[in-house]
Amino acid sequence: MKIREVAFKKLIYGSIGASAVFLFALLLSFTVFAGRILDTSLTRGMENLRERLGADIAVVPRGSENSYQGIILSGEPVECSMDRRLEDELRAMDGVEEVTPVIYLASLNASCCSVPIQIIGYDPETDFVTSPWISEDYSLRLGNGDLIAGANIALDGNNTLTFFGRTYDVRARLNRTGTGMDKSVYVTFDVMELMLADAREKGIEFGDGSDEGITDRYVSAFLIRVKEGSDAEVIAGRISRNSLVSVVQSKNMLSSVTDGIGVISKMLTVITWIMVIIVTLVTAILSVFRVNTRRKEWAVLRMMGASEGWILRLILLENIIMSGAGAILGIILASLAVFPFSKMIADAIAFPYYGPGAVQIIIVSLFSILITVLSGAIPGIVAGAKAGKTDCYVLMRDGEN
Amino acid sequence: MKNKILAAITAVLGLLAAIGPRTLFPVCSAAEMKMKCYYAANAEVAVGIIAAIVGIAIILIDKNKIRITLSAVQAILGLVIILIPTAIIGVCGSPMMHCVSTTKPALIVIGALDITVSVILALLIARDISIEKKTR
């Protein structure tokens, strides 16, 4: 009989306490896999955020700093307005390379609107933030009266969306980013003008509430790119002397996200390593215990001609089979917890969250299996060596007592 | 004993599928208008209760041939639990709705677990049947 057949038969038919080792391996593999997937998803979300942030500085109405961060990070619907005359002043500042205005408008949770979401209006003449990655995704520019929808926006039946009683065609849908951009709709200022007029009829005030050319006079924020070599901090300081506006620096926003994700990542790593240590210790104790309770078995095997190495390999193989099976089941269970609930997790964490691709999932799975099997194999070697070294004659004498 | 524990698990999963969409992982509120997820939750009540009854029947019935048939039925019910929010009725369109982010994945997980446990149960009962035949 081959050694692997002996090991399998012992595990399937023998009552050798294998289930405890299996359960601990399952627990470890679940923790490692789920932890690594969460960590990877947060890191990828942050990379997407960094790539698509575009501007160095955002100038928003005084008191709207948190609202702006909410739009970027989680797509929370916000609307605010400020005088557009500031644009020329910003353009004239030393160190400022580009300035583009944007308008934020929140749609309503009512029958006039398909979904309550954030509508972002951008000026195609000056834009340097939104257009590059829209055309990167689709190689096209928005036509008049068309919308570009984020990945998480549900469209009406015939690829349209209705806002404030007017229906718009959705020209394209953006790739998923895991940031607030997925929950937003993008329109040019021409379309935004129509929307603001319709919104006014529904009681939403923007700017001074006048009709024609409102986007020429009022906007929600200015996005600024600074010249290379210029200090964004200094420019931000100069802008914030204006008592009507607040300044949000992308660098600071990114660093607050990085810090938050860093804390979560560190916590996940600590939990993983604590689990590795606990499971390895418990498996070692269980393995030694099992070896001691099977002393007669070793004696019989030794008398039948089994060498020390054969017994060591048998115990090692038993542990590898148990921890390997536990690792695979742990990954399956962790997948059931992590992947279907990814949107819920993303909402709960409130950080950019973008799930890993197939290759990364395979790498994480292999890593989890390796860690789990090692945590079973190392105690297996220790226990196997102990079993192999026990003397056959003493064991048989032991049995007579 | 092992088989009875597994059968009890399938009964609990059926019960979860029945009451979960109204309590633990609720669908969207139907205060303003009834959406797809509302009807999906209603359908899950019916399927979940049947799954719970089938699970209890597997515990109570002794004849292995009937138990293995019921296990197969339970696996099919697990599949239906998954198909109601994904294909047969569906849930709300927007990925931002609670029924999409919570109820649907919860029902998929419950259905998948129900199928897995039912298949393991069927295999164990099949093993018992083959042992019975050998000992005769």
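The pLDDT is the predictor's confidence in each residue, on a scale from 0 to 100. By that score chain B of this predicted model averages 90, and 97% of its residues score at least 70. For the complex, the predictor gives an ipTM of 0.70 together with a pTM of 0.74. Where pLDDT is low, the predicted coordinates should not be read in detail.

Taken along the principal axes, the C-alpha atoms of chain B fill a box of roughly 65 × 20 × 20 Å. Of the 136 residues in this chain, 43% are buried. Among the contacts in chain B with a separation of 6 or more, 78% are made by residues 24 or more positions apart.

Turning to the meeting of the two chains, 11 residues of chain B are in contact with 10 residues of chain A. On the side of chain B that touches chain A, seven of the residues are nonpolar and four are polar, while no charged residue takes part.

Chain A is assigned two domains, with domain 1 covering 3-48 + 258-400 and domain 2 covering 63-242. Where these two touch, nine residues come from domain 1 of chain A and six residues from domain 2 of chain A. On the side of domain 1 that touches domain 2, helix H2 of chain A (residues 18-53) gives the most, with three residues, and the residues of that side divide by class into six nonpolar, two polar and one charged.

Chain A also holds an open sheet of nine strands, which follow one another in the order E6-E7-E5-E8-E4-E3-E10-E1-E11 with mixed pairing. At its edges stand strand E6 (160-163) and strand E11 (245-249) of chain A, each of which pairs on one side only. On average, neighbouring strands of this sheet are turned by 35° against each other, direction ignored. One of the pairings can be followed in detail: strand E1 (residues 57-61) and strand E10 (residues 221-226) of chain A pair in the antiparallel sense over three bridges, and A:Ala58 has A:Leu223 in E10(A) as its bridge partner.

Two helices of chain A lie across strands of the sheet. Helix H6 (residues 189-201) lies across strand E3 (96-106), strand E4 (118-122), E6, strand E7 (166-173) and strand E8 (184-188) of chain A, and runs at about 110° to E8(A). Helix H8 (residues 232-239) of chain A, for its part, lies across E1, E3, E10 and E11 of chain A, running at about 165° to E11(A).

Is A:Ala327 buried or exposed? A residue counts as buried if 20 or more other C-beta atoms lie within 10 Å of its own, and A:Ala327 is therefore buried, because 27 other C-beta atoms lie within 10 Å. Leaving aside its neighbours within four places in sequence, A:Ala327 is in contact with A:Ala25, A:Ser29, A:Ser368, A:Ile369, A:Thr372 and A:Val373. By contrast, the C-alpha atoms of A:Ala327 and A:Pro116, which are 211 residues apart along the chain, are separated by 43 Å.

Technical notes: Residues numbered from 1 in each chain as written. Chains lettered and ligands numbered in written order. Predicted model: local features only at pLDDT ≥ 70, side-chain atom pairs only at ≥ 80, totals over all residues. Buried ≥ 20, exposed ≤ 12 C-beta atoms within 10 Å, placed from the backbone. Contact = placed C-beta atoms within 7 Å. Nonpolar A, V, L, I, M, F, W, Y, C, P; charged D, E, K, R; others polar. Pairing = 2+ DSSP bridges. Helix = DSSP H or I, 4+ residues; strand = E, 2+ residues; numbered from the N terminus. Axes fitted to C-alpha atoms, helices over the stretch in contact; angles between N-to-C directions. Domains from an automatic or database assignment.
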